[in-house]
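Colleague: I've got a model open and I'd like to learn how to read it feature by feature. Walk me through it, please.

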Amino acid sequence: MPEKVDVLICGSGSAGLCAATWLARYGLICKILERRDGPMKMGQADGVQCRTVEIFDSFGIGEELLRESYHVVEVVFWANQDDSGVIRRTGRAADTQPGLSYQPHVILNQARINGLLLEAMDRFNGQGVDYGVKVKDVRVDEVKAKDPDAYPVTVVAERDGEEVVFVAKYALACDGAHSVVRKSLGFNMVGDSSDAVWGVMDMVPRTDFPDIRRKTTIRSKAGTLLIIPREGGTLTRFYIELPPGTNAKAVKLEDLQKQAQNIFHPYKTEFVETAWWSAYSIGQRYADFFHKDYRVFLAGDSCHTHSPKAGQGMNVSLQDGYNIGWKLALILKGLAPPSLLETYVLERRKVAIDLINFDRYFSTLFKSGAETTPEQFQEGFVKSGKYTAGLTAKYDKSPITADGSDDLASNITIGMRLPSAQVVRYCDSKPVQLAESVKSDGRWRVIAFAGDITAPERSAKLNALGKYLSSADGPIHKFTPQGSDVDSLIEPIFVGHGQRHAVELEQIPDCFYPLTGKNHVRDLHKMFYDDESYNKGHGHAYKFLGIKPEQGAIVIVRPDQYVSAVLSMEDYRSIGKFFEGFLIPQYSLPVRKTVYRL
């Protein structure tokens with residue numbers, strides 16, 4: 001008999017593990033099939049963009065990532081500026097421009113990145129991976145796919161030489177650029193490849209080049225080279241442009257070493273130890289379809305491939321999984337209809353196409369012989385910083401992304417991730433990042449930027465919002481499962497402006513500090529102030545987010561930290577209308593009674 005599973009993930013790459021981490025965070029078990037005999041030991045990806053670090057922090061594994069990784073602070077530019085063939089330093093810049101993210105760009109091997117996700121999965125609910133299982137075929141019954149309760153996906157695999165069969169409600173293709181799932185479904189990769197060939201190697205160099213421990217670009221007459229320092233203090237990655245006409249399959253390690261030495265001239269470089277190397281032709285492709293009957297979804301390299309120099313591969317793949325994981329969880333828990341998964345295709349297909357277009361530009365920027373001055377190269381590199389930090393994805397209108405303007409919050413864009421700024425937690429005066437209040441725990445957030453509530457007008461608006469959120473016909477009571485904490489699905493958060501010590505707790509509506517948990521005590525960690533801290537200065541969060549204190553705003557944030565809507569404080573009833581667009585009501589009359597105050 002086939003084994004029945006709700007979600008089957010083919011491949012244990014970054015996309016699959018991130019989706020599985022979401023499911024584990026919700027307490028849901030999935031089946032992960034990996035053809036390797038064990039966890040990845042040496043990955044090819046290493047760049048961890050700011051957005052990915054934010055995601056890891058939201059899962060509670062950011063501290064380990066930051067402790068173990070190399071932090072990229074500065075990028076240095078070298079080039080030939082005359083006919084001497086001698087390279088010279090032409091400029092420096094911050095790797096991440098101020099204000100883009102509260103987290104840095106770091107370098108850590110993909111095997112360890114995956115390991116952190118595996119550890120989080122195990123900690124959340126004991127989720128693991130089935131190793132040594134090779135997927136052979138995937139089929140979808142189109143008739144059964146119309147029944148939301150059916151298991152229309154059949155996956156045929158092989159374990160220890162024996163055939164094993166699974167039937168699933170949903171399946172994710174996270175099995176790489178040569179995806180068996182994609183080929184089984186008859187999907188193709190569309191795009192093109194260039195004749196440019198690059199080599200990459202992780203090694204320990206012995207050199208007199210002064211910037212070997214900085215992220216560095218070198219554009220010499222012999223070609224272009226990108227230096228990426230690795231964690232550990234000595235290991236370094238080189239991306240090396242090879243001469244035109246090079247056959248990638250014929251490249252030897254000695255070819256990469258010789259080309260690197262030519263580019264470094266007049267600096268001397270020896271290669272003490274080489275951990276890994278490869279050569280590749282640059283190609284940019286994406287899948288012609290991202291789903292089959294909204295039951296099988298492609299993610300990661302199975303649906304987009306490109307050059308590695310911008311450090312996007314692992315990051316965009318991981319964020320594919322981050323996008324679909326929580327949506328699957330809401331559906332499987334009966335909180336949202338299957339149509340919610342249509343937003344995965346809408347959102348991540350657009351991201352994949354944007355990635356391909358960016359990679360074409362970025363690869364051209366690096367190409368030697370291009371009529372680009374060192375100054376123009378540096379300018380283009382710096383301007384690309386927001387994209388390479390992972391902070392440009394903007395999701396289009398859908399049931400979970402509303403229309404709207406930036407009149408209420410000029411630095412908050414609907415459809416993009418919520419920017420973070422320092423605020424002060426009201427209950428203990430601890431300075432924290434606002435992003436710390438929107439952890440990846442499955443909850444939607446309704447953040448009330450109410451301004452200075454010592455003013456009667458603004459206090460009245462906040463109280464009206466609080467009364468609505470606490471009411472029987474409000475979205476919290478309507479959509480939160482019976483028997484769950486009142487804030488387990490939709491969590492109200494308060495961010496005031498002004499002097500926090502001028503406000504007493506009873507002036508804040510009690511929906512912002514409900515009774516929760518097994519001991520049924522107040523959760524006082526949902527209230528913050530844009531105020532001066534004791535030791536870390538003032539975050540000026542309202543100014544940074546472009547919110548006028550006298551006007552205020554309500555910001556609805558998705559479980560994945562992307563902004564769904566920005567409303568005026570007076571328009572609080574639109575909160576309920578928004579959630580009615582995709583959530584399933586959980587109560588039947590009479591409505592349960594929830595007590596907020598002790």
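This is a predicted model: local features need pLDDT of at least 70, side-chain atom pairs count only at pLDDT 80 or more; totals for chains, interfaces and linings use all residues.

Modeller: Let's begin with burial: Ser 429 has a relative accessible area of 15%, so Ser 429 counts as buried. The classes are buried under 20% relative accessible area, exposed over 50%, and partly exposed in between, with a 1.4 Å probe and protein chains only. Residues are numbered from 1 along each chain as its sequence is written, and side-chain values use heavy atoms, with hydrogens and water left out.

Colleague: Where is Ser 429 placed, and what is its phi?

Modeller: Ser 429 sits in the loop between β20 (422-425) and β21 (431-433). Helices here are DSSP runs of H or I with at least four residues, strands are runs of E with at least two, and both are numbered from the N terminus. The phi of Ser 429 is positive, about 60 degrees, although the residue is not a glycine. Tyr 294 also has a positive phi without being a glycine, at about 55 degrees. Tyr 294 belongs to the loop between β17 (291-292) and β18 (296-298), and its 31% relative accessibility makes it partly exposed.

Colleague: Which residues does a cis peptide bond join?

Modeller: His 265 and Pro 266, with omega about 15 degrees. Pro 266 is in the loop between α6 (253-264) and β16 (269-287).

Colleague: Now the overall picture. How many helices and strands are there?

Modeller: The protein has 14 helices and 28 strands. Along the principal axes, the C-alpha atoms fill a box of roughly 75 × 65 × 40 Å. Buried residues are 58% of the 598.

Colleague: Show me single residues. What does the side chain of Ser 179 make a polar contact with?

Modeller: With the side chain of Asp 175, at 2.6 Å. A polar contact is a pair of N or O atoms within 3.5 Å; within protein, one must be able to donate a hydrogen and the other to accept it, and residues adjacent in sequence count only if both atoms are side-chain atoms. Ser 179 is in the loop between β11 (162-173) and α5 (180-185), and at 0% relative accessibility it counts as buried. Beyond its neighbours within four places in sequence, Ser 179 is in contact with Ala 173 and Ser 302.

Colleague: What about Ile 240: buried or exposed?

Modeller: Buried, with a relative accessible area of 0%. Ile 240 is in strand β15 (residues 236-241). Its contacts, leaving aside neighbours within four places in sequence, include Val 197, Trp 198, Leu 256 and Ile 263. Ile 240 and Leu 256 are 16 residues apart in sequence and 7.0 Å apart in space, C-alpha to C-alpha.

Colleague: Last topic: how should I read packed helices?

Modeller: Two packed helices are described by the angle between their axes and the distance between the axes. Here the axes of α11 (residues 456-470) and α14 (residues 573-580) come within 9 Å and cross at roughly 35 degrees. The axes are lines fitted to C-alpha atoms, for helices over the stretch in contact, and angles run from 0 to 180 degrees between N-to-C directions.

Colleague: Which residues in α11 and α14 meet?

Modeller: Leu 465, Tyr 468 and Leu 469 in α11 meet Arg 573, Ile 575 and Gly 576 in α14. The residues of this contact divide into 4 nonpolar, 1 polar and 1 charged. In that scheme, Ala, Val, Leu, Ile, Met, Phe, Trp, Tyr, Cys and Pro are nonpolar, Asp, Glu, Lys and Arg are charged, and the others, Gly among them, are polar.

Colleague: What else do the buried residues of α14 pack against?

Modeller: In α14, Ser 574, Ile 575, Gly 576, Phe 578 and Phe 579 are buried. Besides α11, the buried residues of α14 pack against β22 (444-451), α12 (475-479), β23 (490-497), β27 (553-557) and β28 (563-567).

How values were computed: Contact means heavy atoms within 4.5 Å.
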